Amino acid sequence: MGRKRTAVEATNGKHEQPVLLVLRALKLGDLLVAVPALRALRRAYPEHRLLYAAQDWLEDALELVGGYDLLPTHGLDVPIPIEAGKVDIAVNLHGSGPESEARLAAVRPRTVVGHRTPERPGPAWLEEIHERERWTRLLQWHGIEAEPDDFRLLPPAVPSPCPGATVLHVGAAYGSRLWPEDRFAEVARALSADGHRVVFTGSSAERPRALDVARLAGLPESQVLAGRLRLAEFMAAIAESRLVVSADTGAAHLASAYSRPSVVLFGPAPAEVWGPPPGPHIVLTDAQVRRGDTFAATPDPALLAVSVEDVMAAVGQLRLT
């Protein structure tokens, strides 16, 4: 058999299908809140080849949405790697600013689905709206049926490395979302005493933090999975977990996508905009003290306001079996 073509190769030169390109060159949580819109586009354009322009490490997650090929695109600092004129429909799920609009304009699509710009009609951009609703509202304005609660993922492609475990996702993209290590450790110690098999997840860069949390909790290094799992394995671990505790939206949205009970800690971002979809979860935060600086190096006061006792009370409210 010949080598499988990449998304770039398959769309440069002669192509047999019309191409629909979605731009959302962001992270895992951003992909997961866009799932309802992505599923709606798949239903609306069954004859199109569907491409999702985002960072290449998201490929395992995109496979669980179904129907899309990844077009590796590292943010908006590089051109979208597709020959100009090959895209039939371009959908801007990245934002509404001049950078994302310019990247899409450069590929010369025949049609653009996006928010209102001086050159193009569309819905007005709203600030205080949940991300799932933002993108389904965009499609609805353009005549595409979309439901914000259509957020489920396909079953994981690989088995869980820790079926039935309680997952403490101790990492986050920014310091503003890092709940203190000693508090995670107290939660881990209390859950372990209650019979939970606790594992710690995070990226390779977050492994030292996860090791510190495990050490503070008095738990062995073997329970630290941070930096040891591929994305597909991490998603499977969430999908088959007993409980998830996280201050990271990616892990939180995964838990809801697979109907796993979760306790979600929110800091700089409002849960009304970035919270997980309906499901067995409890959100903990204190909006009254929120600083709201996503890129701050230190935890947001709204996150620090959440205590160990708050988390354990929330676990009790979930009535785990």
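A: The residues lining the largest pocket split into 20 nonpolar, 13 polar and 11 charged (Ala, Val, Leu, Ile, Met, Phe, Trp, Tyr, Cys and Pro count as nonpolar, Asp, Glu, Lys and Arg as charged, the others, Gly among them, as polar). Keep in mind that this is a predicted model, where local features need pLDDT of at least 70 and side-chain atom pairs pLDDT 80 or more, while totals for chains, interfaces and linings use all residues. Residues are numbered from 1 along each chain as its sequence is written, and side-chain values use heavy atoms, without hydrogens or water.

Two or more lining residues come from each of helix H2 (28–33), helix H6 (131–141), helix H9 (231–239), helix H10 (249–257) and helix H11 (271–274) (helices are DSSP runs of H or I, at least four residues, numbered from the N terminus).

Domain 1 (19–142) and domain 2 (166–317) each give at least three residues to the lining (bounds come from an automatic or database assignment). As for space, the pocket holds about 1,200 Å³ (the volume filled by probe spheres set on the points, which are joined across faces, edges and corners).

Elsewhere, five strands make an open sheet in the order S7-S6-S8-S9-S10, with parallel pairing (strands are DSSP E runs of at least two residues, paired if DSSP finds at least two bridges between them).

Terms used:
1 Å grid on protein atoms, 1.4 Å probe; cavity = no way out; pocket = protein on both sides within 12 Å on 5 of 7 lines; lining within 4 Å.
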